Structure formats: C-alpha cells, structure tokens
Amino acid sequence: MEFFYVVKATQKSGKKDAVVWFTAKTESRANLQLDVALEDAEIETGRGKDYSKPIRTDFPVYDDLPEEAVVNFAWCERYELAEDLRTWKLKTASAPVETTEHDEEETSSADTDSEVVLATSENETNTLNALAPMSFRTQLLAQFASDETHVYHINKETQSALMGMEMDTDNTYVQNLLLAASNVPELQKYDMNGLWKLTRAIKEVFPQDLRHELGLIIRFMKLWLVTNHIDRGILTREWAAGNRIDEIQRTDAGTNADSGYITDRGAGAHHTFDTLDLEIACALLPMDFNHMEIPGSILRRAKEIVANKEEPWKSWSKILRNQPGVLAVNRAAIFNLVRIAPENVHLTPVAHLEFVNQTMTAEFNAATELMPFPTQGDESEAKEFDSQQVDKILSASRGEYVEGISDPDDPKWVTDDPAATSQPQVSNLGGGMFSIDGLLATTTNEVAKQESETTRDVQMEEIERAESEINDTASAGEGADAADPQTDTVAPCDILAAAAPSLANSTAPEVTTEAPEETASASEEPSSEPVPEYPAYFEPGRYEGVPNDVYHAANGISSTQVKDARVSLMYFNARHVAKTIPREGSKVLDMGNLVHALALQPENLDEEFSVEPVIPEGAFTTAATLRAFIDEYNATLPALLSADDIKALLEEHNATLPAPVPMGGSLEETAQSYMTLPAEFQRIGADQKQTAAAMKACIKEHNATLPAPVKTTGSREALLEQLATINPDLVAQEAQKPVPLKVSGTKADMIQAVKSVKPDAVFADELLDAWRENPGDKILVTRQQLATALAIQSALLAHPTAGMLLTHPSRAVEVSYFGFDEETGLEIRVRPDLEIDIDGVRVGADLKTISMWNVKQSGLRARLHREIIDRDYHLSAAMYCETAALDQFFWIFVNKDENYHWIAIIEASADLLELGMLEYRKMMRAIATGFDTGEWPAPIIDDYTDELNDFDLRRLEALRTQA
C-alpha cells in the first residue's frame, strides 16, 4: 500500500514545500519511515518549526513521481493540491509533460503491485483516488464491480456510482452482500486482492439474477475465510453446484475426500475418516446386522479393532483413506466392498488395491442395499479378483435373478406357488430387536425345524408389563416423605368397583422386573436364577423385598395420598383418581434418597445411583493440559518454512532476473535507454523521428519480453503460491510436512486436535459426558455429593442411638404392609423405613434429612415440632403404628448441611400419635365420602369476609390512638 505525504513550509521560513512517499504494509509502518526520512533530511515539524506536521494525501498517478522514500522539494513546483486538499493536479503555469496514449497506458501499468484503475477515462486520469482511506463498503463494492482484477484506485465518477449502488435499497443483491459482510468482522482486515477474490466467489455461487438467503451468504463468507487458499476453489465449486459443504476433507494422498453429496447416512451426518474407520471395522465382523443401526456390542468390538490397528482393518483403512471422494460413498457400499472382497486379499497389497480401484465404480458407490454374502471358493480362486462375480452381485442387489447368488426358493422368484406369498417373516426392527409376528402361523414342527437349521444368534427380549402406567419414579421410601407415585388401585375390587371403577385393578396382569438388556445366544442355557414375580393385587399382610416401583404402583391408599387429601379433596381427586395432575418422576438428586440408601440399604446403592467416575491419572482435564500436550507435540515436528524464509527465496529468485530498461525521465535519458536495447527492438528507422513516445514504446516492448518478478509480499499462503511458480518441488515437499496442531479455538477443538495424533487419549470431559448421558436412567451423584452423604452416614452410625437402630441385628428395612381401614373399609398401605423387634416390643423409625443451620439452639425443639406437624409426619406415624402393629415410633432427624451433621432422635408421644390418628381418620372418612358421592370439593367453597385477628386488632387500636 502506498502512502504519499506533503510537508508544507511556513510562510516566514521562506522554504519550499516537500513531499515524500512510501510503500508500506500498514500506516503505522509508513509513519515510522516518515519520521526517519524527515530526520535524515533535517526537517523539523510542529509549532515553532519551519514546517507543519505532514499531511497524507491521495497517491498521485503521474509519470514523474519522485524517488520512493526520498524527501523531494521540486514536486510542489509542478503540482498543487486541489480544493479537497487530497487530490494532486498539475499547476497551470507548469509545462505539461509530453504524453501520448501509450504513455497513459504505461503509467497505469507502472503502479506497484499490478494496480488497475477501474472505469477511468483519459480526461480523469489526474483525479484518481486511493481506495485505502475510503470506507470498507466502498472498497468491497469497488472490488465487486471489477470483473478483470482487483483495483486500488477509482475516480470521482466511479466513487459516485458506488455510493449510489450502496444507497440503492431496491438492489437486494448488493444490500445482502453488504449486510453479510458486516456480519463477518474478519473481512475488515482483508486487502483489495482478497476482497476481489471473495466477491468473485460470491458471484459464482450466488447468481445475481436470483434471490438468495442472507444467512447462506454469511455462512459461505465465513467458510471461505477459514478455508485455506488452495481449497477455496473447491469450496466455491461445490457450493455453486448446490453442495453446501462446511469443510474440505482430504485423503491421506491429498485429494478431495468429500464432494459434499448426501449419502445414505442422512443429511445431518458428519462423516469423517474416524467414522469411516469404524464402518470398515464393523463390515469386517462376521455377524449379520443392520448396517444402519449398528448394535452396541458390534460398535464396541469395532472400536477395539481400530484402537489396536488389527489386520485386515489396517490394510483396508490405508487403501480407502487414499481413495478420492471416499467420504461421499454410501455406508452400504463400504460394507458391500468389504463383503465381496476375496478372502485374505489384504495379504497381497497390489491385488488389494486393484480390487478396490476396479470395484468402486460410481454405480457401486451409490448402492444403498446390502449385498448377500458371496460363496467363497478355494484359496487359489480367492486370491484373484473376479470382476464378473462383482457384476453378478450388483445385479442381484438391484433385484435381478442371478444364478448361483439369488435364492431360487425365494417366494418372489416362485410365482406358481400360491403358498409362497404367505411364508412367515422375521422383521428387523433395528437396535438388535426383531419382530416375530409373522411366525405366529408357523406350526410347531416347522418352528423346531427352523431352530435346528438356524446359524445366527438373535437377541430376544420378553417383557411383561402391567396395564396400568407407572408415571412416578420410586422414592427411597415413605419415611423420606417423597412424593407418592401414581397408583392404579385405592380399594379392593369387590368393595369399590362400582364407586370408583377407574381405580379397580382386578384384570391387571402380573408385573415383572425387567432383565438387563444383554446379548444372548439362542444356544445359551437359560439362567438358573428365577425372576421374582409380584402380584398385581396385594392381599392384606406383610411383604418384604417389594421394589419401590412395584410398591408405589400397588393397591391401597398411602400416607402421602392422605396428606394430599389434607391439601384438598379436589387435589386428591385430580392427583390420584382422575389423574389430571400427573407427577412425573425426577432423576434430580435428592440428598434424602441418597442418605436413605447409604444408611438403610447400602447394598442397593449401585442399582439406583450412578456415581461420578474417577478421572484417571494422565487424563486431559483442562485446556492447559491440552495446550501443553499440543506444544510438546508441535515441538517434535519438522519446522515449516516461515514467511520470511519464503520471502528470501523469492527475493533471491528476483535478483537473478534481468532488470528492465528504465524509461527515463527526460528525452535524453530515454534516448540513452533506447540505445541499450538489443538490435531487434531498436525499431525506429533512420528516416523516422526519434520521439520520446516511439522510444518508450520500443523499451516497453522489450521489457514485456523479460520474465516478471514474483511478488514478495502477502501472507504465507500467498507467498507459497508465488514460490510454487518457480520451485514446485520445494512447495510439494513443504505440503508433505505434518501441519502443527492448532493451539487456539475452543476446548472441543483442542480435544479433536489431540485425538488426531493420540487416539488412545483419555479426556475428563468425555468421561463426564458419558456419565451424564445416564444410559441406566439412574440418579446422578457427583463426588462432592457422595462425600457429603458418606459423612452423614458416618455421623449416623457413630451416634449411640441412631447407630444402634440402623445396625440392629433384628432390623427390617422398607417392609410393605397392606390392610384395610376399619371405619371406611378402604384399602391402605404403609412402608416405614425401619422396624425392629426388641423382646416382643415392635419399634418403628423413619429417617429424615433436614436443613436447620440457621436455627438457634434454643428454638430447635420448637422448630422440629413444627416440622413434624407441618409435614404431617405424625399422621404417617399413626398409620404405620396401626397397620404395621408398631408399639413405639421414632424419627431420626439428621442435618444435611455440609460439615454440620448433628442428629436428633425424637419419639412420637401417645398424644402426638393420637392427634395423627384422629386427623388420619377424619381424612379417610372424607375420601370415602368422595368415592361414594363423586364430589371432590375445592379447598375454599363459601364466600367470606376477611376479619382481623387479635394481633391486627391491637395494631388497629394503637394506630387509632395515635391518630
């Protein structure tokens, strides 16, 4: 970029004005050079000096420019600034420089960096303005309007035209272009050449005669900027063809690996070389499965093959990674290629490569159906590639009948057999599951015959489900005061079938616990352990070992349901009868549930909770560890040529080129230059007049035959492009060098970079993400939460009374009791946390977690009493004592605030239990009335007038007195 400065002398100094100009990359560098040049010329600027501060002007385009970086005092004698104080024009008193049409062409082509003037006329040559100081929008539109090459200067007429284009709101194409560019701040730093290349690509991708989405233009701009210079042409071509690719993936050989076409993996699939390796490994496995729904066991085995670099996967991966456009091949074609390959073909690399090259035709790569396994011949036949066999398999995959491949007994080929169309079918549902509905009509003998002939393992899973839907997740127990899940029965079928038919459960099937989903072979013997079965209807009695989900779905009214009725009968009906208020189970950790599991049933911890995994030593945990590894890895790579190294090579090349003959500033200098030309370029005859224009034309013709010097400015990529024109071998060697990993970007980008060179690396983020995915649908527990719960467990076990209750040898945990309410006849059920039989005295207890870190010690007992009353713990205790025949009942309160785990053992007094029993019976009568009448009143029925209580009355009297 050129910078032209004028340094005006003060009037009293009597000195001449000076000019000086530079070619610099940035304005800051030009200012540094300006200071050096003025100091060398002994010119001091500023207030009180002979010269004013330098002023930058537009770069003048004249044939007699002063020498670069040299302060010139003669320029201002011939030229002066126009009224805008930026444009230079010839002084009227000065003698014009002799110019011709050839001179003007020479002037425009003599500008540095091959600058081209856009839309100029002969009369406006002296009014060209540099684009650099203009707005970014003007620069962008100037490059957009230029069809041949980039421009650095425009005249006033062109500038006005560009301003009109910018203000034309009806031109949606230009407005979208400007809006898109404003959303890509990186474009502000681009030079004119880069902007011109971008606008040329945009015009190629988005034709101007069509309307285009602004978002697509922005997306293409951003992709174009982050794509390297070599791949930008591919990106533009693919987008112009309608393939909206996000990146150019290259094979190991450097060719384009992905043309951006949508494969059978779907439009949203991001297919990479890593996924290609997994597909190759899966295709090599002998099992038969749906290639579009790969079972987990197959995928795990495939990952092991890739990680261990096992053969023949290693040979297949090496060859396919070098196939151009391999990432645009359908997954079915990859599987077919591996399936039909001759046995042990990977042992002969030449034959292996020949097989792949001849098989992967366009038709083959577009296949979306799996081919049948071909019949393998002897080893001698398997070592040679039979193209005819592949053609037969391709025909069979298209549905044609092929001798030796198609099954002649297939119903679609047997048209004269009426029973062929009714042949039983086994449908693949995906995910390793199969439907056997089509086999129901098969006779017993036929089934036995099929089982004896089967050669494949089919994963089967039988699940018996109750008709009633369980909407709630089971809590740790009634004692934890968890929300009671939705139930299907609140009364015996014989008693309440008429009053509440929606609650009857007489036809419900038995509920069984689901077995873990494990791949089982048909030849494996069934497990000897019986699957526990639980009745759909529980008769009155005591039941041990009933799972949470079974208990909460069983018949009977629980204490939690009674508490809901105390909110209002309307709520009880909506929650448990009409079920218009579902209460979905939540897997968010409840510290009370975790403490219950550790204190009461620690052996069941793994079944209900998933604990955060321990990060192994050496795993990448933070961005700093990733950065340290990347820096260490990059230090081991061979150094790439720097921009300065490339520039030195280019300058060395330019130094070997013959220098062009100078034009000369005067007629004598031009004549001297003309005489140095070779004889074949001295074309002015003896009888012709040797004018400056004629001699310059000969000089120009000679200079045009000289090799042009390469550019030595620009980015490293641009310099490499220049170096490729003079030393392509060196550039090719540079391209073969491994590229250092990027140390910038997001943490996810850095993880992918480390994976590319260290596939076996362990990342804390991935371990935690796999844990959070929670495949077992368990409650997630962090290490900190587990540590808090373990501390609470230790405090409970260390407490003399709590420890005795929780570890008593005769204790029973989570025992379920079913019975009837004597007064109403309604079914009830209870499940206390703990029960102990001590010398014939039955003691029950509930474990409760609380948070009372800010309650004063003197008010703790009152606060605990209010906790019992407000949460109806006394009502639950009364139900427990009556239904489970308990003689005493205790609450074990433990404070769950971190590092403040005090414990309070509170026994329910006789009066407290009586209060709870009376409140319980009152609500049971109300519930029974609701079932009998079908009326479930709201919490407030009658209108009323709000009255002041005693405290408010005293405040009222006090205020009246003050008034």
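Two strands pair if DSSP finds at least two bridges between them. Strands (E, at least two residues) and helices (H or I, at least four) are DSSP runs, numbered from the N terminus. The model is predicted: local features need pLDDT of at least 70, side-chain atom pairs count only at pLDDT 80 or more, and totals for chains, interfaces and linings use all residues. Residues are numbered from 1 along each chain as its sequence is written, and side-chain values use heavy atoms, with hydrogens and water left out.

**View A. Strand β19 pairs with β16 and with β20.** Strand β19 covers residues 834–838, and three bridges join it to β16 (residues 811–813). These two strands run antiparallel. Arginine 811 stands opposite isoleucine 836 of β19. Five bridges link β19 to β20 (residues 841–850), again in the antiparallel sense. Which residue of β20 is the bridge partner of isoleucine 838? The partner is valine 841. Two residues lie between the strands of the β19 and β20 hairpin. In this hairpin, aspartate 839 takes a positive phi near 55°.

**View B. An open sheet has three strands, in the order β2-β1-β3.** The pairing is antiparallel. Strands β2 (18–23) and β3 (55–57) are the edges, each pairing on one side only. Neighbouring strands are turned by 30° against each other on average, direction ignored. Angles run from 0 to 180 degrees between N-to-C directions, and axes are lines fitted to C-alpha atoms, for helices over the stretch in contact. Strand β1 (residues 2–7) is joined to β3 by three bridges. Tyrosine 5 has arginine 56 of β3 as its bridge partner. Helix α1 (residues 27–40) packs on the sheet and touches β1, β2 and β3. Its direction makes about 135° with that of β2. Contact means heavy atoms within 4.5 Å.

**View C. Helix α21 packs against helix α22.** Two packed helices are described by the angle between their axes and the distance between the axes. Here α21 (residues 559–567) and α22 (residues 569–577) meet at about 135°, with their axes 5 Å apart. That angle makes α21 oblique to α22. Angles under 35 degrees count as roughly parallel, over 145 as roughly antiparallel, 65 to 115 as roughly perpendicular, and the rest as oblique. From α21, the contact uses Gln561, Asp564, Ala565 and Val567. From α22, Leu569, Tyr571, Phe572, Arg575 and His576 take part. Five of the contact residues are nonpolar, two polar and two charged. Nonpolar covers Ala, Val, Leu, Ile, Met, Phe, Trp, Tyr, Cys and Pro; charged covers Asp, Glu, Lys and Arg; the others, Gly among them, are polar.

**View D. Helix α21 is mostly covered.** Seven of its nine residues are buried. Buried means under 20% relative accessible area, exposed over 50%, and partly exposed in between (1.4 Å probe, protein chains only). The buried residues include Ser559, Thr560, Val562 and Lys563. What do the buried residues of α21 pack against? They pack against α22, β18 (827–830), α36 (873–883) and α37 (910–933).

**View E. Aspartate 872 sits in the loop between α35 (860–870) and α36.** Aspartate 872 is buried because its relative accessible area is 7%. It touches Lys563, Arg566 and Glu919, not counting residues up to four places away in sequence.

**View F. Serine 160 lies in helix α5 (residues 156–167).** Is serine 160 buried or partly exposed? At 48% relative accessibility, serine 160 counts as partly exposed. Its C-alpha atom is separated by 9.9 Å from that of threonine 138, 22 residues apart along the chain.
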